[in-house]
Amino acid sequence: MKILNFDLTFFMKSFINIDQINIHVGNEIAFLGYSNSGKSTLVNSLSNKKKLSRVSKFPGSTKLINFFNVDNKCRIVDFPGYGYSSFYKRKKINWLREIKKYLFYRKCLIGVVLLVDINFFFKENDLIIINILNKKKINFIILLNKCDKLSFFLRKKKYISAQEKIISLKISPCIQIFSSFKKIGIFELKKTLSNWYSDVYKKNKKCSF
Ligand SMILES: Nc1nc2c(ncn2[C@@H]2O[C@H](COP(=O)(O)OP(=O)(O)O)[C@@H](O)[C@H]2O)c(=O)[nH]1
Ligand SMILES: [Mg+2]
């Protein structure tokens with residue numbers, strides 16, 4: 001298996017919307033979820049860097065699509081939350097619509113990490129995105145994030161109820177209990193992402209920057 005070294009992660013570039021993205025080769029893993037679900041914190045905890053990605057207490061602080069280079073092998077794409085709209089040159093950007101466009105057309109995409117707060121899943125847009133990922137057969141993993149807020153017993157209970165929900169949608173569950181703060185599940189996540197990369201590498205879609 002090709003292992004991705006997440007310690008070798010650095011910021012590349014930001015884009016204001018999907019149409020502005022001018023990189024069309026290589027492999028991308030997208031981080032999706034509502035604002036405040038912990039996407040930007042995850043970039044930091046994966047890379048062991050405190051300030052690589054901006055983290056905020058206020059929803060909607062990521063107003064751009066942020067690209068990070070991982071080990072010169074693939075990119076992490078940190079999106080604004082999909083329950084959120086922002087303005088650019090007075091034009092409203094609906095991030096759910098942008099993300100849908102990205103999922104439908106992005107050739108570089110090799111997988112999606114979908115973050116939900118372990119206390120507040122699944123909300124409307126989570127389910128919309130999960131259904132698209134399933135239909136398009138895109139690799140994805142759902143992180144029940146911020147599990148440090150719950151006892152072991154409650155974590156397990158939430159995990160089972162999340163699994164039941166996904167199974168009821170006739171989707172095979174790919175769910176992990178996770179905490180960036182306590183680094184719970186980080187090893188398993190790195191392994192999953194490295195596996196996705198390995199698979200495309202084997203299929204000869206080598207990354208080139
Ligand atoms: N308890 C807890 N809080 C977290 C965790 N990860 C992120 N947060 C907090 O959640 C808030 C939103 O995080 P951020 O990464 O900006 O979310 P984003 O909007 O999805 O990028 C911040 O206050 C973070 O400190 C975690 O693992 N546990
Ligand atoms: Mg963010």
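Which residue has a backbone N or O atom that lies 2.9 Å from an oxygen atom of ligand 1? In this predicted model, that residue is Ser 180. Taken alone, ligand 1 exposes 580 Å², of which the protein buries 90% (Shrake-Rupley method, 1.4 Å probe).

The shell around ligand 1 has 17 residues, and Asn 36, Lys 39, Thr 41, Asp 148 and Ser 180 come nearest (a heavy atom within 4 Å puts a residue near the ligand). Helix α1, residues 39-47, gives the largest share, three residues (helices are DSSP runs, H or I, of at least four residues). By class, the shell holds three nonpolar, 10 polar and four charged residues.

Elsewhere, helix α2 (residues 95-105) packs with helix α3 (residues 124-135) at an angle of about 10 degrees, with axes 11 Å apart. The two are therefore roughly parallel (angles under 35 degrees). Leu 96, Ile 99, Lys 100, Leu 103 and Phe 104 of α2 meet Asn 125, Ile 128, Ile 129, Ile 132 and Leu 133 of α3 (heavy atoms within 4.5 Å). These residues divide into eight nonpolar, one polar and one charged.

Residues are numbered from 1 along each chain as its sequence is written, and ligands from 1 in the order in which they are written. Local features need pLDDT of at least 70 and side-chain atom pairs 80 or more, while totals for chains, interfaces and linings use all residues, and side-chain values use heavy atoms, without hydrogens or water.

Conventions:
Polar contact = N/O pair within 3.5 Å; in protein donor to acceptor, adjacent residues only side chain to side chain. Nonpolar A, V, L, I, M, F, W, Y, C, P; charged D, E, K, R; others polar. Axes fitted to C-alpha atoms, helices over the stretch in contact; angles between N-to-C directions. Parallel < 35°, antiparallel > 145°, perpendicular 65-115°, else oblique.
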